[in-house]
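Subject: Structure handover

Hello,

Here is the structure I promised to pass on. Please open it next to this message.

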Amino acid sequence: MKLTKLLIFCVSSLLFSAVAFAQDVTVNGTINDESGLPVPGATVLVKGTNKATASDFDGKFQISAPSNGVLVISFVGFQTLNETINGRTKINAILTATSQNLNEVVVVGYGTQKKGLITGASTNLKGETIKELNTGSAMEALQGIAPGISITRTNGSPGAGTKVTIRGLGTNGNSNPLYIVDGISVGNIDYLSPSDIESIDILKDAASAAIYGSRAANGVVLVTTVKGKKGRAARISYDSYFGIQNIYKNLDPLNAQEYMYIIDEGRVNDGLPRQDWQKLLTNNSWLNTQFPGAGTQLGNEIWEKLQNGWTGTNWINEMSKKDAPIMNHSLNITGGSEDITYAFGVSYFQQDGIIGGDLVDAGFKRLTTRLNTQMVLKKNDSHSIITVGENVTYTNSQNRGVSNGNIYGNDLHNALTANPLQPAYWQTSIDRNIDKFGFTPTLDGISTGQTNPLAVMFYRSNYNYPKDNRITGNAFLEIEPIKDLKFRTVYGIDSWFGYGRSMNPTYNLGVLYQDYINGASQYSYIGANSTWTNTVSYKKQFGNHNISAVAGTELIQYLVNNNVSGSRNNLTFGEDPRYAYLNNTAPKTINDIGTNGMDTSAGGGGIMSYFARAQYDYKEKYLLSATIRADGSSNFAEGKRWGYFPSVSAGWVITKEDFMESSSKWLNSLKVRGSWGQNGNQDIPNFYYSSNIAYVFPGYFFGDTKPVSGTTAYPARVTNPDLTWETSEQLDFGLDASLFDSRLNVTLDWYNKTTKDWLVLAAGRGTDGAAPPYFNGGDIENKGFEFSVNWSDKIGGFKYGATVSGAFNKNKVTRIANADGILHGPSNVLSQGTGEISRGQVGFPLGYFYGFKTAGILQNQQEVNEYVGPDGQPYFSDQRPGDVRFVDQNNDGIIDESDKVYLGNPKSRF
C-alpha cells in the first residue's frame, strides 16, 4: 500500500514538473548591434509558432513564450540569432552585421546562387541603395555605380524613359537589354517605383545571360520586387522626400541690343548697310492686314521700350518654372509567418516640368501598387512540399509634356532660336481679339519663319490629357516531392492599356502659325504579352562535391496590341477643354472626320524555348557552369526559326587553397573566373520574312492611259525567307576580391564581344514598288575592360561608403553585307537639306560622326588669299575673313561630299 502511494506521488510530481516546465513566461529584453546602439524594428519570433513581436525605437521588446522555447531574432543586414529561453525572463541580444557579398544570394536566370560562387560577370544592386538615391526611376540609380553600363535619359522631360547599353553597341537595331521582373519579360522597368524593388541583377557576359537565349544579346536586367520574410511580424514603413528643381546651368542667349549688334555686324561683313531697326519693327504687313494698324502699333511700342532700356525677352526664362517640385511617398507593409509571407506597397511620385511647368502644367505623375504573397499549402519536417504565390503590380501614370522631338517640333529649340525683340505678351492682343491669351503675334519684319515660342508650346501641348496604365503579374505553383527536387510552373502577364484626348484650338499668330478650325481627338490602346515557364531543378551535396541543375521550357506569346484613334472638327461647346470629346463636335464634311486603328499582334506570334543549366563546385573552391538554350521565333521563316545558344564558365576561389591561409587576415576572398557563350537577337517586327498584301486605288497604270479599274493588290514589302538570328558571342575573364573584413571589394573584367549577322533594315528606293526587307547585314566587335572598387564601413552608428567604377570600350564594325561596306545615316538632321552626319562603316565605330574636317577660321585677307586649291584658285568665290577653312581631303581643289571624313565617336571609350 505504501509502495502504491509512493508511485502515485512520484508520477504526480513528474507531471507537475512537466506542466510547470512548459508554462509560458514573459520575456523582456533589449536588442543592440555590435556597437551598442539599439536596433528598432527587429523581429522576435517564438520558434515553431506564429507568435512574434518587434523591438521598439529603443530596441526593447516583450513577448510571452514557453520557458523552454527558443526566440528567433532577426533584422535586415544582421545575422539571425537563436536564443534559448531556459526559463529566463530577461534576454539582451546583440546582433552581428552580416559579412558583405560572399554568402549573399543573388538572382541568376531561373534561380538564385551564392554571390561567391558566380562564374559570370554580373552587377548586383540592393533595393535599399536604390531607394536612398531618390531617383525617379530605378535604372537612374545605377548611373555611375555599375561599370560597363551606359544609362541615359531618352530626353529631359519628367517621366522620360532610360536608354541602357551594356558593354557597347552590339547591333544596328534595338540595343536595349532584356528586362525580367519576377520572371516576367517586360519592355522596360520605368513603370516600377524604386521603393518596390528588392534587388536588381544585371547579367553582362554571354555565359550569365545565355539561359535567356534569343533575347539576351544586349544583356539582361533581372528585377526582384519586395517580398515578405518568414517569421517576421508585420512591419509598416513609410518613406518620403521632397525637392525642388532648377536649370543647373542656364544658357545665356543674346539680349535685344546684342542681337541687333550681331545682325548689323554680319551685314557689314557682307558689305551691306546696317538695319533700320525702327522701320523693321513696324513693317508687320500680315498683322496690319489682319488687324489694321496693329502691326505698326506693336513695332512702335517695342521701339519705345528699347529706347527706355528694355533688354528684350529671354525665352528660356519665360518658358521655365522656378523651383519646380519633385516628390515621392511610399508605404510598404511586409511580414510573414512560417507558412505565409506577404508584401504590399503603394507609392506616389510626382515631378513637375521645369520647361513648360507653369504654362502647360507639364509634369509626370505615377501611382504604383504592388502585392506579393506566398503560401505553403503542405510541408513536412524537412521542407515545404507545395507552395503557391503571386506577384502583381499596377501602375497608373499621367505624363503631360512639351514637344521634345527634332528641330521641327521642339519647344526648347524654338525658345533658343526665337527673336529677343519680340515680347512674350502684348495687352493689345487681348484688347483687339488678336489672341485671347495675350500672346504677341509674329513680327513679320524680323521673325521670318518664327513666331512666339510660348504661344506655340501652349496651343500644341496645353490641351492633351493622357492616362496610361500597366498591370504585370504572375502566379506560380512549386512542388517539392523530395527535398531539393523542385517542379515549378509560372504563368505571367504583361499588359498595358490607356486612353487620352486632346483639343485642337483655333489661333492666329502669323501667316505660318494659324489654325481656323477647332476640333477634338480621342484614342485608346490595349496590349498584352504572356509568359509561361515550367522548370525542374535539383541540387545535392555529395561530401565535398555540390551539384545543381535546372531545365525547363518557356512560351512567350504576343496576345494583343490594339490601337484606335479618331478625330472630328468643329466643337459644339466652344473651345472649352472640359467638353472636348468626339460626340461634342459637328463635322461639316468627310474631311472633318479621321479614324485609325490596327492590331500589330493580330497575327499572333511568339517564342518557344527549351533550356538547361548545370553547376558544379568542389568545396566551393573550383566552380563550373554550363548552359544551353534553344529558341524558336515566329519572326523567321520555317527552317530558320530555331537558334541554339550555349555557354560555359569556370571559376577558382584562390583563397580556399591552403597556401593562401597566411593571407586570410586581410584577404577574405579572391576569385578568378572565365566564361564563353552565345546569345541571340530576334527583335524585328513580327513575320517580316514574308509580306502582307497592300491595296492601291484607283489601280495600276499600264502605259499612259490605261488604268486597271477597281483596286490593285501588291506585296507591301520585299520578302526575305533566308532571314535568321543575330548572334552575339562573348569571351570574358574576371577577378573578384574582398579585403579587410569585406569592407573593400574589387571587381575587374576584360571582355571581347562579337555580334554576327546584324538584323538590318535594307535601304529602299521609291522605284522599288515595295518596302525594303530586313537582312543579316554585318558584324560588330566590342572589346573592353571594366573595374569597380567599393569601400563600406561603419563607425559606431555612422555608416559610410564610396564606389569608384569605370569602363573602357572599343567599338568597331567588322563587316557590312553591301557593296560599299557602309550603312548610311539619316539626312536632314541638322537642318532641312543637310546630308547624313553619322554612319556605320567597316573599320570604324558604329554611328560615328561624319562630315567636313575644318582647319580653323580665316583670320585675315592674307589667309583668305592663301586658301586655294592645287590650281591656285580659291575654294569659294566669295570667301572672306571669318569663313571656315575646310580641309580638301583628296586635294582636288573642290570642297564636296568626297571630302567628308570620320569626325569622332559618339560613344565615350571610357
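Below is what turned up, from the overall picture down to single residues.

**Overall**

Please keep in mind that this is a predicted model. The chain has 910 residues, and 44% of them are buried. Its secondary structure comes to twelve helices and 48 strands. Along the principal axes, the C-alpha atoms fill a box of roughly 135 × 70 × 65 Å.

**Cavities**

Searching the whole structure gives three cavities of 30 Å³ or more. I looked at the second largest cavity, which has a volume of about 50 Å³. Which residues line the second largest cavity? They are Val181, Asp182, Ile184, Thr225, Asn372, Asn391, Val392, Thr393, Thr472 and Gly473. By class, this lining has three nonpolar, six polar and one charged residue. Two strands, β21 (384-400) and β22 (464-482), each supply at least two residues of the lining. The largest share, three residues, comes from β21.

**A pocket**

The second largest pocket holds about 900 Å³ of space. Its lining takes in 34 residues. Nearest the centre lie Gly187, Asn529, Tyr558, Gln682 and Asp683. The lining divides into 14 nonpolar, 17 polar and three charged residues. Strands that each supply at least two residues of this lining include β13 (178-181) and β14 (184-186).

**A nonpolar patch**

Ile482 sits in strand β22. Is Ile482 buried or partly exposed? Ile482 is partly exposed, and its relative accessible area is 48%.

**Salt bridges**

Side chains of opposite charge can pair when their charged atoms come close. How many salt bridges does the structure hold? The count is 28. Here are some to look at.

- Asp352 and Lys321: their side chains meet in a salt bridge, at 2.8 Å from N to O. Asp352 is in strand β19 (residues 340-352) and Lys321 is in the loop between α8 and β18, so this pair ties together parts that are 31 residues apart in sequence. Both residues, Asp352 and Lys321, are buried.
- Asp631 and Arg629: this salt bridge has an N to O distance of 3.0 Å. Asp631 and Arg629 are both buried.
- Arg743 and Asp793: the closest N and O atoms of this salt bridge are 3.5 Å apart. Arg743 belongs to the loop between β37 (726-739) and β38 (744-756), and Asp793 to strand β41 (residues 778-795), so the pair ties together parts that are 50 residues apart in sequence. Arg743 is partly exposed, at 27% relative accessible area. Asp793 is partly exposed as well, at 22%.
- A network: salt bridges link Lys671, Arg673, Asp732, Asp736 and Asp749.

**Another loop residue**

The loop between α8 (315-319) and β18 (324-336) also holds Asp323. Asp323 is partly exposed, with a relative accessible area of 42%. How many residues apart along the chain are Asp323 and Asp201? They are 122 residues apart, and 35 Å separates their C-alpha atoms.

**Backbone angles**

Most residues other than glycine have a negative phi. Two residues are worth a look here.

Asn433 has a positive phi, near 60°, and is not a glycine. Where is Asn433? Asn433 lies in the loop between α10 (427-431) and α11 (453-461). Asn433 is exposed, with a relative accessible area of 65%.

Asp741 is not a glycine either, and its phi is positive at about 55°. Asp741 is placed in the loop between β37 and β38, the loop that also holds Arg743. Asp741 is exposed, with a relative accessible area of 56%.

Best wishes

Terms used. Residues are numbered from 1 along each chain as its sequence is written. This is a predicted model: local features need pLDDT of at least 70, side-chain atom pairs count only at pLDDT 80 or more; totals for chains, interfaces and linings use all residues. Side-chain values use heavy atoms; hydrogens and water are left out. On a 1 Å grid over the protein atoms alone, a cavity is a set of points where a 1.4 Å probe fits but cannot get out, and a pocket is an open set with protein on both sides within 12 Å along at least five of seven lines; lining residues have an atom within 4 Å of a point. Grid points are joined across faces, edges and corners, and a volume is the space filled by probe spheres set on the points. Helices (H or I, at least four residues) and strands (E, at least two) are DSSP runs, numbered from the N terminus. Ala, Val, Leu, Ile, Met, Phe, Trp, Tyr, Cys and Pro count as nonpolar, Asp, Glu, Lys and Arg as charged, and the others, Gly among them, as polar. Buried means under 20% relative accessible area, exposed over 50%, partly exposed in between (1.4 Å probe, protein chains only). A salt bridge is a side-chain nitrogen of Lys or Arg within 4 Å of a carboxyl oxygen of Asp or Glu.
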